[in-house]
Amino acid sequence: MAAPLALLLIVAVTIRAALFRTSLANLISERVEVVSPLNAWKRVVEGLALLDLDISPYSGDVFHETPMVIYLFHFLMDYAEITFMLADCLTAVALYLAVKDYNKQVFRKQKFALEADRIPMDCLELIRSPTEMYYIPLKVAMFYLLNPFTIVSCVAKCTCGCLIYGSALLSAIFLALATYQSIYPLTLCVPALLYLLQRLYIPVNVRRSSFWFYTLQYLFMFLGSLLVLICLSFFLLGSWDFLPAVYGFILSVPDLTPNIGLFWYFFAEMFDHFRLFFLCVFQINVFFYTLPLSIKLKEHPVFLIFMQIALIAIFKSYPTVGDLSLYMAFLPVWNHLYRFLRNIFLVSCVLLACSALFPVLWHLWIYAGSANSNFYYAITLLFSVAQILLVSDYFYAFLRREHHLTNGLYLKKKDGSEATLVLK
Amino acid sequence: MAIRRLKHTRTHAHACMLQTPLDDFQEELVIRPLHSGDIYASFQFRTVWDADFMGDQKVSHYRLFPKSLGQVITKFSVRELHISFTQGYWRTMQWGQPYLPSPPGAELWVWFQDTVTDVDGTWKELTNVLSGIFCASLNFIDSTNTVQPSASFKPLGIGNVTDHSFLRYATLPREIVCTENLTPWKKLLPCGSKAGLSVLLKSEKLFHSTFHSQAVHVRPVCQDPQCRTTSMELRQTLNVVFDLHTSGQGKREWSLFKMFSRTLTEACPLASSSKVYVDVTDNPQFELSPATPLLTQAVVLGDRRTYSVYDLTQQASFGSSRSLNMLLRWKAADGEMLRPLLHSERYVAGYGLQAGEIHTLIYNHHPYRAFPVLLLSAVPWYLRLYIHTLTVSSKGKDNRPSYIHYQPSKDRERPHLLEMLLQLPPNSVTEVTVEFERALLKWTEYTPDPNHGFYVGSSVISALVPSVVAMDTNSTLDRPLFSSFFPCKEEASYFMRVYTEPLLVNLPTPDFSMPYNVICLTCTVVAVGYGSLYNLLTRTFQVDEPSPGLAKRIANVIRRFRGVPLL
């Protein structure tokens, strides 16, 4: 599997390098769908320029990156393009390895279930064969690398974070890093924990002491590394200015620059009296689904991770297409759910149409002056609805497959005729 | 009892009359014909008061100095106050340099005394009080348009202050000047608008001009060359330029009556000096009537100019008709006007509502001398400047400023402040460019006509310009008021301040009719997400059993009551 992966990496790097050289790079790095005030490259350069002028980058309202990023790019300024291409490649390789690992897990579980005779006979078509699963990691890597959204984000030099899991400590560290960068990956703490518990065969039972022991250990590692990162940032710049500038900014949404999310127009048109209330509602909305989803999906932490990443990408305060590409990279892992998906055609058409319409309506509003902000806002709404439909569709398909695996594929009603399955 | 009281009041009045007056009032009018055929009139009214505002002595007896301003100065511990209201933009290349420059709109800058503990709070109160005194909307001055310059705007009066935390500067480029601002301004004059030069200040003519600027400057000055005692000086200035075609009917023939629809009949009785100066340097075929024997020369703006003087305190000036109506007539001079040494322009480049660039051009027309200038720009927070895109170039080459003070803006709190010391090469154009991004504001933050755009206040360029003629450094000599406004420390250069054009920038606007719709639609999308996930989380898959007919259902209900097994 190494050779196709290497080939894929070479192709991806070539595409990105080619795009960097053209004038499209400048154009793409200005687009609001791709960059947000949190992760625009222009703002990183501005932050470094302010640092050169002996002014704290957080004294103004232009720079909202964490101090680690400043220091990283202080040294890597000239190699920025290579850094981003490398980051993309590393993410792809990490995803490849992670999915491979996961596939092994799934296959093992399946084998046990088959041997334990828990699956009804007619479900054999639902079983996943090794051959089909062989190519999934490659497909995942391909999806990630060749997704136009990823390419475009790389070219725009977004500083999106990504999550890699391996050992417990490493995963805690990387999770802390991702949470440090933007607060939302905090919700990924739970699925990561569940995944690690599953790997160590610790059952998720609140009454078992081993569960609590491991949980506390993991939380301790996570919080510890987060604390270390924050204190390190304090010592890098010598002040706590970065806390309101980075986290306060993400949570209180003062900057209303249009993007592909729901927050900007909502808070541009909000009555002042209700602003705080709706801000709290929208921010809670991102974190709110963690607990119910983890309870429902405690046996399937990787799907839970996928759901979480997707929900974060839809409901966060400054989403970009880079966030989208990350969860879309996971879609090949759930290839086997295809037969149960109900809305996939509609969703893919809407997503394609919206991707095409975003730049058009932006141009009409900002440059041509013949449309107004409502047009762009409408497409953001459609885009969000399409993503929500995609996520809930995959969730439905997943749950349905699980139901079939336990209850049989061809179900019959009491009188023997073919039954339909509904959610009640 | 009554006799004793009468005696007390009589001795008090006697004492007042015996005291020498502590204040002095001078008025003057300078009329300068411009090269383009327009005419420039500059009024200055100066009251010098020997009261010590900075000491503990409570001042309560006001004579010539207006009480409203005196109370403001004592209450807010103001050291210097400069406020101007301007309508129109001064065209330096056509008209030359003004005696007192001012930016379009309202401008206010104040030096507080170092006894003030909370400068921001005092500033806020001061702007509100001044807004009431001048009937202007100065209450719109808040932290989002106030800056603290670090090098420009040194005190114009005495005092060697270096702590710039006591200085505040704000402009309101959108402010309109009208009769309502002129009336309270005239009320501050000792003679009001009843006698002296202020009878000429009639609003129907003054506001029918290309340029109109009225200002109030309060500063402490020295009384004697050794500066042992200080006194407070109040200067009220009014600059107006009448256009050749709209007011002058196309003829280079101006008179006081044509300009102001009034003539002068007497000097202000409270004034110690009341003079009218007419600039006769430029055109030798000048026709000025009634003729006056008095001629004086003064060095102003780096040039030695000749003036005909009419002294209104002399009855002879008014002639037999008891009124003075000067008539000036001149022919169009051939050739170019003498180019002013320092000149600047500013404009916004770029297209669309997302980003743009501000270009400031500074011209140095001196043939062989280079001199440094201080450029101050205060840009509102909703135009996010990117300081890493700042480029300064002269004659095509990069020109690094020797001093940059940049304070980045904070959203909804303070504006950008950029101050630079630039060295201008001789006979060159220096271009300062900086990119910005336009922000989307909350719908309540837009002005009533949002598509008109947002104003960016003028940039200020302060410089010591090399002078051809030796400047007069002796500040206590009896000089015309118009030549003694800016302090002169050295002979080889004079201080000049140039204001650029204000900018009008469009911002992207949301749809103002849609708040309720937007809230509903976005909440609907969030609810769609919530609903789908709620469904999938709380419901399980079940085989769909068809529901029995209506009769069977009723029968089942009855059976349930009876405790009998259902159908």
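**Figure 1. The buried residues of helix α17 in chain A.** Val321(A), Gly322(A), Asp323(A), Leu324(A), Ser325(A), Leu326(A), Tyr327(A) and Met328(A) are the buried residues of α17(A). The model shown here and in the other views is predicted. Helix α17 runs over residues 321-328 of chain A and is mostly covered, since eight of its eight residues are buried.

Figure 2. An unreviewed UniProt entry annotates several stretches of chain A as "transmembrane region", including residues 82-99 and 340-362. Residues 82-99 of chain A are 100% helix and 0% strand, and the C-alpha atoms at the two ends lie 25 Å apart. Residues 340-362 of chain A are 83% helix and 0% strand, with end C-alpha atoms 36 Å apart.

**Figure 3. A patch of positive charge on the surface of chain A.** The patch brings together Lys100(A), Lys104(A), Arg108(A) and Lys111(A). Arg108(A) belongs to helix α5, residues 80-115 of chain A. In an α-helix there are 3.6 residues a turn, so residues three or four places apart point the same way. Arg108(A) has a relative accessible area of 36% and is partly exposed.

Figure 4. Phe271(A), Phe274(A), Phe277(A) and Val281(A) make a nonpolar surface patch of about 360 Å². Phe274(A) sits in the loop between α13 and α14 (275-288) of chain A. With a relative accessible area of 40%, Phe274(A) is partly exposed.

**Figure 5. Val253(A), a loop residue with positive phi.** The phi angle of Val253(A) is near 45°, which is a positive value in a residue other than glycine. This residue lies in the loop between α12 (242-252) and α13 (263-268) of chain A. Val253(A) counts as buried because its relative accessible area is 1%, and buried means under 20%.

**Figure 6. The salt bridge between Arg168(B) and Asp120(B).** The closest N and O atoms of Arg168(B) and Asp120(B) are 3.0 Å apart, and the two residues form a salt bridge. Arg168(B) is in strand β6 (residues 167-172) and Asp120(B) in helix α4 (residues 119-134) of chain B, so the pair links distant parts of the chain, 48 residues apart. Arg168(B) is buried, at 5% relative accessibility.

**Figure 7. The salt bridge between Arg329(B) and Glu253(B).** In this pair the closest N and O atoms are 3.4 Å apart. The bridge links distant parts of the chain, 76 residues apart: Arg329(B) is in strand β14 (residues 327-329) of chain B and Glu253(B) in strand β9 (residues 253-255) of chain B. Both partners are partly exposed, Arg329(B) with a relative accessible area of 32% and Glu253(B) with 27%.

**Figure 8. Arg412(B), a loop residue in a salt bridge.** Phi of Arg412(B) is near 65°, a positive value although the residue is not glycine. Arg412(B) forms a salt bridge with Glu445(B), and their closest N and O atoms are 2.5 Å apart. The partners are 33 residues apart and lie in two loops of chain B: Arg412(B) between β20 and β21, Glu445(B) between β22 (428-438) and β23 (454-456). Arg412(B) is partly exposed at 23% relative accessibility, and Glu445(B) is partly exposed at 27%.

**Figure 9. A network of salt bridges.** Arg43(A), Asp255(A), Arg384(B), Asp411(B) and Glu437(B) are joined into one network by salt bridges that share partners. Over all chains, the count comes to 16 salt bridges.

Notes:
Residues numbered from 1 in each chain as written. Chains lettered and ligands numbered in written order. Predicted model: local features only at pLDDT ≥ 70, side-chain atom pairs only at ≥ 80, totals over all residues. Heavy atoms only, no water. Patch = residues over 30% accessible without salt bridge, like charges linked within 9 Å, V, L, I, M, F, W, Y side chains within 5 Å. Areas by Shrake-Rupley, 256 points an atom, 1.4 Å probe, with all protein chains shown as cover. Salt bridge = Lys/Arg side-chain N within 4 Å of Asp/Glu carboxyl O. Lys, Arg positive; Asp, Glu negative; His and termini not counted. Charge placed at Lys NZ, Arg CZ, Asp CG, Glu CD. Helix = DSSP H or I, 4+ residues; strand = E, 2+ residues; numbered from the N terminus. Buried < 20%, exposed > 50% of the residue type's maximum accessible area, 1.4 Å probe, protein only. UniProt positions renumbered as here; feature names shortened; annotations may be inferred.
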